[in-house]
Amino acid sequence: MTAIQMNAELLRNMSIIAEDEVLLKRAAKYLRKLVAEKQSDSSRLSKDEFFARVDEAKEEIRQGRCIRFSDPKEMNDWLNSL
């Protein structure tokens with residue numbers, strides 16, 4: 001489902017519950033909860049933080065501080081050993 005389709009579905013559903021004050025209050029409460037979760041999610045990186053980590057990883061690879069695998073089986077064996 002595309003973002004445009006999701007927005008359309010959300011607006012359709014909002015128009016249905018907009019006539020019911022109780023449902024509207026519940027929806028608003030839930031939306032506030034979702035926003036708070038997104039804002040407090042420490043695992044989310046900003047765009048700058050993300051690209052800084054990519055740059056760090058590239059530098060580690062350039063310096064040879066990385067693990068290389070010759071084939072998928074070797075990689076899977078290493079992952080399974082963790």
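Helices (H or I, at least four residues) and strands (E, at least two) are DSSP runs, numbered from the N terminus. The model on screen is predicted: local features need pLDDT of at least 70, side-chain atom pairs count only at pLDDT 80 or more, and totals for chains, interfaces and linings use all residues. Residues are numbered from 1 along each chain as its sequence is written, and side-chain values use heavy atoms, with hydrogens and water left out.

The tour visits salt bridges. A salt bridge is a side-chain nitrogen of Lys or Arg within 4 Å of a carboxyl oxygen of Asp or Glu. Side chains of opposite charge can pair when their charged atoms come close. The structure has four salt bridges.

Select Lys73 and Asp77. They form a salt bridge, with 2.9 Å between the closest N and O atoms. Both sit in helix α4 (residues 72–81), four residues apart, so about one helical turn separates them. Are these residues buried or exposed? Here buried means under 20% relative accessible area, exposed over 50%, and partly exposed in between (1.4 Å probe, protein chains only). Asp77 is partly exposed at 41%, while Lys73 is exposed at 56%.

Next, select Glu59 and Arg62. Their side chains meet in a salt bridge at 2.5 Å, N to O. These two residues are three apart in helix α3 (residues 47–62), which puts about one helical turn between them. Glu59 is partly exposed at 31%, and Arg62 is exposed at 63%.

Finally, select Glu60 and Arg65. This salt bridge has an N to O distance of 3.5 Å. Glu60 is partly exposed at 33%, and Arg65 is exposed at 52%.
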